[in-house]
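Hi there,

Here is the structure I promised to pass on. Have a look at it first, and then read on for what turned up.

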Amino acid sequence: MTFLEEVGNRVKNQRNILGITQQELTDKISAHIEITDKQISCLERGLSGTGLEKFTALSLALEKTPDYFLLGLSRDGHNKSELIKSINENLLLCDYEDLNSLVSISQTFAMKK
């Protein structure tokens with residue numbers, strides 16, 4: 001996998017985690033800088049890069065720092081969406097008895113709110 005493909009995968013994954021389409025991302029960014037959904041599509045597929053100004057706007061819109069997209073480094077740990085996704089993936093591996101125990105535990109945490 002090329003560097004541009006790795007960056008593109010991170011962009012696409014983060015966009016999917018946030019639950020927004022390429023068009024919605026384009027709309028969010030184009031409020032600040034000119035960008036098209038075709039440019040985002042090419043970036044996500046690793047077919048092209050982008051300039052610093054657009055890349056910074058993209059990072060802000062996707063709620064991650066540029067080093068996350070460039071290097072895979074995350075300064076803020078996991079965001080809530082990533083944590084929920086990770087928990088769900090782990091739950092699929094649990095048996096019925098474990099799931100019942102986890103329901104009780106999660107209810108205890110939810111009552112703290």
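Of the 113 residues of the chain, 27% count as buried. Please keep in mind that this is a predicted model. The chain has seven helices and zero strands. Among contacts between residues at least 6 apart in sequence, 51% join residues at least 24 apart.

Let me start with the core. The largest nonpolar core has 16 residues, and those with the most contacts inside it are Val11, Leu25, Ile29, Leu58, Leu62 and Phe69. At least two residues of this core come from each of α1 (3–18), α2 (22–30), α3 (37–44), α4 (52–61) and α5 (66–71). The largest share, four residues, is supplied by α4.

Leaving aside neighbours within four places in sequence, Ile29 is in contact with Ile35, Ile40, Ala57, Leu58 and Ala61.

Next, the pairing of α2 with α3. Their axes come within 9 Å and cross at roughly 115°, and the crossing is right-handed. On the α2 side, the contact is made by Gln22, Gln23, Leu25, Thr26 and Ile29, while α3 brings Asp37, Ile40, Ser41 and Glu44. By type, the residues of this contact divide into three nonpolar, four polar and two charged.

Now for α3 itself. Ile40, Ser41, Cys42, Leu43 and Glu44 are buried in this helix, and the buried residues of α3 pack against α1, α2 and α4. Just after α3, Gly46 takes a positive phi of about 75°.

What does the side chain of Glu44 make a polar contact with? Its partner is the side chain of Arg15, at 2.5 Å. Not counting residues up to four places away in sequence, Glu44 touches Gly8, Asn9, Val11, Lys12, Arg15 and Gln22. Two of these names have come up already: Val11 is among the core residues with the most contacts, and Gln22 belongs to the α2 side of the contact with α3.

Best wishes

Technical notes: Residues numbered from 1 in each chain as written. Predicted model: local features only at pLDDT ≥ 70, side-chain atom pairs only at ≥ 80, totals over all residues. Heavy atoms only, no water. Core = buried A, V, L, I, M, F, W, Y, C linked by side-chain atoms within 4.5 Å. Buried < 20%, exposed > 50% of the residue type's maximum accessible area, 1.4 Å probe, protein only. Contact = heavy atoms within 4.5 Å. Axes fitted to C-alpha atoms, helices over the stretch in contact; angles between N-to-C directions. Left-handed = near helix turned anticlockwise from the far one by under 90°. Nonpolar A, V, L, I, M, F, W, Y, C, P; charged D, E, K, R; others polar. Polar contact = N/O pair within 3.5 Å; in protein donor to acceptor, adjacent residues only side chain to side chain.
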